[in-house]
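Subject: Structure handover

Hello,

Please find the structure below. My notes follow it.

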Amino acid sequence: MPQHLLFGGNILSPTLEGSGYVLKPLEALLIRDGKIAAAGRLSEVEPLATPDTQRIHLEGRTVLPGFNDAHIHVWKVGQLRTTLLDLRGVKSLEELYCLVGARAKTLKPGEWLWGRGWNEALLAERAMPDKAALDRLAPHNPVLLTRTCAHIHAVNSQALQLAGITLETQVPGGEINFEQGLLYETAYGLVFRAMGEPSQAQYEHWIRAGLEYLRSLGITSATDPAVDPPLYAAYRALEARGELPIRVNLLYIRRPDGGSETFPLPEKHRSDWLRCDSVKFFADGGLSGATAAISQPYKTLEPPQYGLLRFAEEELLELALEAHRAGFRIGTHAIGDRALDQVLRVYERLYQEAPGPRHRIEHFGLAGPEHLQKARQLGVIAVPQPIFLRELRANYLRYVPDAWLARCFNLRAMFEAGLTVAFSSDGPVVQQVEPLKGLQAALREPLVEGNQVTLEQALWAYTVGGAVAQGDEANRGTLEVGQWADLVVLEGDLRDPYSLSVHRTLVSGIES
Ligand SMILES: [Zn+2]
């Protein structure tokens with residue numbers, strides 16, 4: 001393997017010194033066998049180079065550890081880039097219906113029309129899609145249009161029929177609006193199952209498309225936060241063939257949507273490219289669609305709504321405890337204050353029962369002082385999505401009670417409470433999965449002025465934070481000797497996040 005010497009740029013390693021986040025400057029990096037072999041002053045590193053070492057002058061560019069996206073639905077990102085009808089960024093129902101009608105014309109009768117990404121807060125009509133319109137536009141095809149949050153789905157009559165859903169159907173942890181053709185939370189599982197599980201080859205295709213795209217954005221490792229058995233098999237197959245372009249960590253689902261069955265704990269797996277020793281639970285829904293479980297009613301909704309808790313607490317505890325005892329990390333989706341209360345109580349009881357690894361809370365959206373303090377005490381890792389502040393801002397302003405806007409995705413409060421924070425995008429819930437866009441939002445676009453974080457904190461959370469969240473801080477996240485040479489090279493001025501772009505991405509010191 002060739003050696004590389006990187007120098008002549010702004011080489012920075014995010015570091016936490018005491019309670020202060022800093023970007024440790026380095027003059028040179030020596031890369032050997034895919035890892036960082038030396039780092040520091042050029043005068044110290046250069047003599048370690050050999051005659052065949054490739055010398056790379058950075059011409060003033062910035063080098064950081066590759067970004068780690070701690071929560072991104074990789075296969076769905078790939079699916080949207082290949083086969084799915086992309087409804088992200090659509091501005092009106094009229095436009096949405098137009099796209100659906102056009103797609104329907106390309107399908108054979110009976111084929112599923114699956115789209116994703118609509119967000120009623122961004123639609124001119126401020127309304128959700130309607131079953132009657134979808135029936136008219138796609139009379140011969142079942143239609144499933146997933147909202148941007150993936151917690152609400154619009155369907156037509158044929159889809160309802162295939163899923164066996166009638167006016168009387170009830171689903172635990174979900175709701176069905178039969179008249180309008182809207183499925184909330186776990187009700188989606190009924191339709192998903194009627195569609196038939198995608199083949200492993202399809203999953204592999206989507207995963208690769210997703211991961212290659214992430215790599216182009218400077219992401220060198222990522223966590224796929226909702227993996228079921230067929231998806232796990234696809235990841236394992238890709239890994240066995242050496243076809244994973246970046247490193248992946250998996251959160252394995254225990255309770256799939258639309259059912260009360262429980263998947264057994266998966267076989268643990270750990271290699272240089274793929275890791276699976278975590279499980280995932282959903283405690284509630286999303287804020288942007290007003291399904292996160294909160295204790296004050298959502299704004300502008302009549303009758304008053306408080307969102308949904310997916311689990312009875314004892315049941316969540318039982319499933320979590322089994323995983324905790326077996327040494328699995330746990331990542332639980334929790335956004336509303338009622339969900340955070342529940343999950344933190346459950347985590348506390350886990351540690352009372354037995355010691356275990358640090359667990360995480362995905363999103364951590366409406367955390368108040370009591371949640372921050374309890375999370376800190378339990379060593380819980382917070383996994384928020386800075387880009388939500390940009391892309392879902394209109395939803396938050398529309399639904400979140402005014403008194404809580406200041407705590408809504410308050411990234412600064414998470415750092416100030418002393419939490420370990422791992423940044424992520426939750427793509428394709430958002431359109432912009434680029435870490436550089438997330439960085440902009442974290443630094444310059446807080447929901448309430450004063451809640452922004454520093455550059456040092458944001459870069460730490462996008463690199464080391466994700467590594468810690470998956471137990472990989474010994475091999476990635478910084479530019480210390482012994483870490484993987486997974487790097488991103490940036491153009492632009494770090495002091496102006498809007499000026500930055502990805503110049504190249506290296507994984508194991510190699511540009512794909
Ligand atoms: Zn997610």
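**Strand pairing**

Strand 1 and strand 5 (residues 62–65) run parallel and are joined by two bridges. Within this pair, Ile 11 has Val 63 of strand 5 as its bridge partner. The model is predicted: local features need pLDDT of at least 70, side-chain atom pairs count only at pLDDT 80 or more, and totals for chains, interfaces and linings use all residues. Residues are numbered from 1 along each chain as its sequence is written, and side-chain values use heavy atoms, with hydrogens and water left out.

Strands are DSSP runs of E of at least two residues, numbered from the N terminus; two of them pair if DSSP finds at least two bridges between them.

Strand 1 (residues 4–17) also pairs with strand 4 (residues 54–57), in the parallel sense and over four bridges. Here Leu 5 has Arg 55 as its bridge partner. With strand 2 (residues 20–32) the pairing of strand 1 is antiparallel, over eleven bridges, and His 4 stands opposite Ile 31. These two strands form a hairpin with two residues between them, and Gly 18 in the turn has a positive phi of about 65 degrees.

**Zinc site**

The zinc ion has as protein donors His 71 (NE2), His 73 (NE2) and Asp 426 (OD), at 2.1 to 2.2 Å. Donors are N, O and S atoms within 2.8 Å of the metal (3.2 Å for Na, K and Ca); water is not among the atoms, so sites may look incomplete. Along the chain the donor spacing is H-x1-H-x352-D.

His 71 is buried at 1% relative accessibility, and His 73 is buried at 8%. Buried means under 20% relative accessible area, exposed over 50%, and partly exposed in between (1.4 Å probe, protein chains only).

Regards
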